[in-house]
Amino acid sequence: MALGKYSRVDGRKSSTNYCSTVTIVVFVALCLVGVWMMTSSSVVPVQNSDVASQEGNNDVNESARVSENNSDNASNENKNVNSESSSNGNENKPNQFEDNPGDLPEDATKGDNNVSSNSQEKLPQENQEKSGEENREEEKRSEDGSKSGNENGETKTDEKDSEAGETNGSNANGGESGDDNKSVENSDETKDVDKEDSQKDKKDTVSDQDSGQKKENNQTTEVFPSGAQSELLNETTTQNGSFSTQAAESKNEKESQQSSEPENQSGTSWKLCNVTAGPDYIPCLDNLEAIKNLRTTKHYEHRERHCPDDPPTCLVPLPEGYQRSIEWPASREKIWYHNVPHTKLAQIKGHQNWVKVSGEYLTFPGGGTQFKHGALHYIDFIQQSVPDIAWGKRSRVVLDVGCGVASFGGFLFDRDVLTMSLAPKDEHEAQVQFALERGIPAISAVMGTKRLPFPGRVFDVVHCARCRVPWHIEGGKLLLELNRLLRPGGYFVWSATPVYQKIPEDAQIWEAMKKLTKSMCWESVSITKDRVNGVGIAIYRKPTTNECYEQRSQNEPPLCEESDDPNAAWNVPLQACMHKVPVAESERGSQWPELWPARVDKPPYWLSSSQVGVYGKPAPEDFAVDFKHWKRVVTNSYAKGLGINWSTVRNVMDMRAVYGGFAAALKDMNVWVMNIVSIDAPDTLPIIYERGLFGMYHDWCESFSSYPRSYDLLHADHLFSKVKNKCNFNAFVAEVDRTLRPEGKIIVRDKVEMINELESIFKSLHWEIRMTYSKDKEGLLCAQKTMWRPKESEIVSYALA
């Protein structure tokens, strides 16, 4: 009995202990659930429809529910919730903004929204990739300092075009809530911290929504440099150094022009330009009002630039049926007819194999007036006549005057030669537009009354194949302009009827040319006949010393005054004089540049350490640092981090080129780069040519001398903020839109305020914002132009016939 009694007592005690234990377990479980619910409100990031569908959001919730069963790991699991929709298990893989869908779900490529989360950004690296151990240490530091949100940089991307690998999902509160070893005793402290961070997150989210800025927690590849290179991004540190500006150089040669007064931005409501030129409108060449008021057109004044005082802020319409341009190299042989719907040139020059109409295409057999049987034979014949020309080695940069459809320059690419082709916008309908659509460099310009927008002594060869320029008249003024542009020791290749025909007019021109070239001290190197094409070619060489000039019996043409700057080229009138050849070893032009391609990455011999470069260092060091910087940016960021399919890119413009480092970094890509040096910037364009690259001077308060839809990619490094301070900003944006092809892209590096403003403006143009990034008040934006055009139009009175 006693045993039974004690047995019953023990049973009651056991039952009581069991109930107490269950009660305590339930209570603890409820506490844990409460703690988890409080922490999860700040841990789970906002899921965006661009990354996952509603079904994906359900997966997030399901993951949260599953994580109830393991409260110690709840925080860490929630860190990776927003990466589950695209993860394949490689959470630390950098997100590459590529054109292919990559690992993102299909619907992630369809929306226009950006991913939004207040997450710690991993800085793009512009020095080198970190090792795995360094990355782990970086992540640990990132967790410890995650309160700071985006203090190290902020990236916003459009996942429609940023089809990539995984999204790195660590969130801003991971540092406080993600420790696997946290005990229950610390839950109250964690709860308070999480409440604070949750409120911060909510405020940040509201702020982001109000400002239209949506942040993505991606680890991008290099965008900005760090350390010693950071000064290249801070525009306040740049200076003219030892370089004068083109504006200052030209001021001594012409009457100074009044600087433009800044104009108020007129808003972002866009209209189509109602102009006579329609889809081919070039504001500075189609100013019909100014052309009508010209006193004379004897010297082709009507083909020169006449920029309106009030530049247009409207958008140029697209040709009906316009479609994405054919890619290079196929574009050299054919283009879409509807992109350049002009057939007049095919009717006039079709028998010379310039261009022909073939169904929906315009085709280019590769011929020209002087090379009906193909440009390559003609090019090789020139080198056979004068082997020292050495295409692609000694001769790298060529000027082709009166280029037609630029087949000469187009096929010189096969010989590793870069050709600046120019022709006027004249009765040879759209010849320069054909060239650009084919992927061949060209500008609309004429040899009239003003110097061409290039520095002196920069072209290795100048070519004229029946270019219809009267070289011999008025003291040889036009040929003397070529003399200004040609390097000492460079060649002038002239293929025209006076060389090989004996009719009276041609014979008279030939005699005049012989006399003129002799008086200019040009050596007649070769006069040969190409029997395949049935044409003659005369080749002359510019002297490398002043000896001949000093021995002339007559000073005709005269030598220019010492004060006449051969580099001054912006709106400077032509003069019938010759500049002396530089002979000092340290003077540019006294030596031939190194052979291509060695010349591209070496500082020119005439850059002295005593000269101060644009970025404040001795000029040769400045040059080297700039080149190293852009090689790193292009290799680690532009080539693989912006979602640009470079096979679709051919025509590129660097709108603010400095030393041409960006173009040099693209040397091995199948592109060409037009380097622009603004007239009020340090005059570094001679350096660009010395490297075997090319470009021109320009004033961005005016339109560029090119047809609409000319370029696949525009690059603007701290240009927009400069232009806004002195020009009609809406007109400049409209010019950017005019220059860029539909589906073309623009990369802008500028102050973060400018980047934010441009993002809004580009959206008003219906462009796609592919990526934005900001750090230390500097930012980057990549956008893509679309086919959108406004329906409403406005009349541009000075451009109507």
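Let's start on the surface. Ile24, Phe27 and Val28 make a nonpolar patch there, with about 300 Å² of accessible area between them. Keep in mind that this is a predicted model.

Take one of those three, valine 28. Where does valine 28 sit? It is in helix α1, which covers residues 2-43. How accessible is valine 28? Its relative accessible area is 37%, so valine 28 counts as partly exposed. The cut-offs matter here: under 20% is buried, over 50% is exposed, and partly exposed lies in between.

Now the backbone. Two prolines deserve a look.

First stop, proline 557. A cis peptide bond links glutamate 556 to proline 557. Omega there is about -10 degrees. Proline 557 is in the loop that runs between α16 (547-551) and α17 (619-638).

Next, proline 597. Which residue does a cis peptide bond join to proline 597? Tryptophan 596. Omega for that bond is about 10 degrees. And the location of proline 597? The loop between α16 and α17.

Arginine 468 has a phi near 65 degrees, a positive value in a residue that is not glycine. Where is arginine 468? In the loop between β9 (459-465) and α13 (477-485). Is arginine 468 buried or exposed? Exposed, because its relative accessible area is 53% and the exposed class begins over 50%.

Then lysine 777. Its phi is positive too, about 65 degrees, and lysine 777 is not a glycine either. Lysine 777 lies in the loop between β18 (768-775) and β19 (778-784). With a relative accessibility of 65%, lysine 777 is classed as exposed.

Let me zoom out to the chain.

How many helices and strands does the chain have? There are 22 helices and 20 strands. The chain has 801 residues, and 55% of them are buried.

What about contacts? Consider the ones between residues at least 6 apart in sequence. Of those, 76% join residues at least 24 apart.

Last, the outside. The chain exposes about 34,000 Å². Carbon and sulfur atoms supply 48% of that area. The patch I opened with, Ile24, Phe27 and Val28, is on that surface.

Note on methods. Residues numbered from 1 in each chain as written. Predicted model: local features only at pLDDT ≥ 70, side-chain atom pairs only at ≥ 80, totals over all residues. Heavy atoms only, no water. Helix = DSSP H or I, 4+ residues; strand = E, 2+ residues; numbered from the N terminus. Buried < 20%, exposed > 50% of the residue type's maximum accessible area, 1.4 Å probe, protein only. Contact = heavy atoms within 4.5 Å. Areas by Shrake-Rupley, 256 points an atom, 1.4 Å probe, with all protein chains shown as cover. Patch = residues over 30% accessible without salt bridge, like charges linked within 9 Å, V, L, I, M, F, W, Y side chains within 5 Å. Salt bridge = Lys/Arg side-chain N within 4 Å of Asp/Glu carboxyl O.
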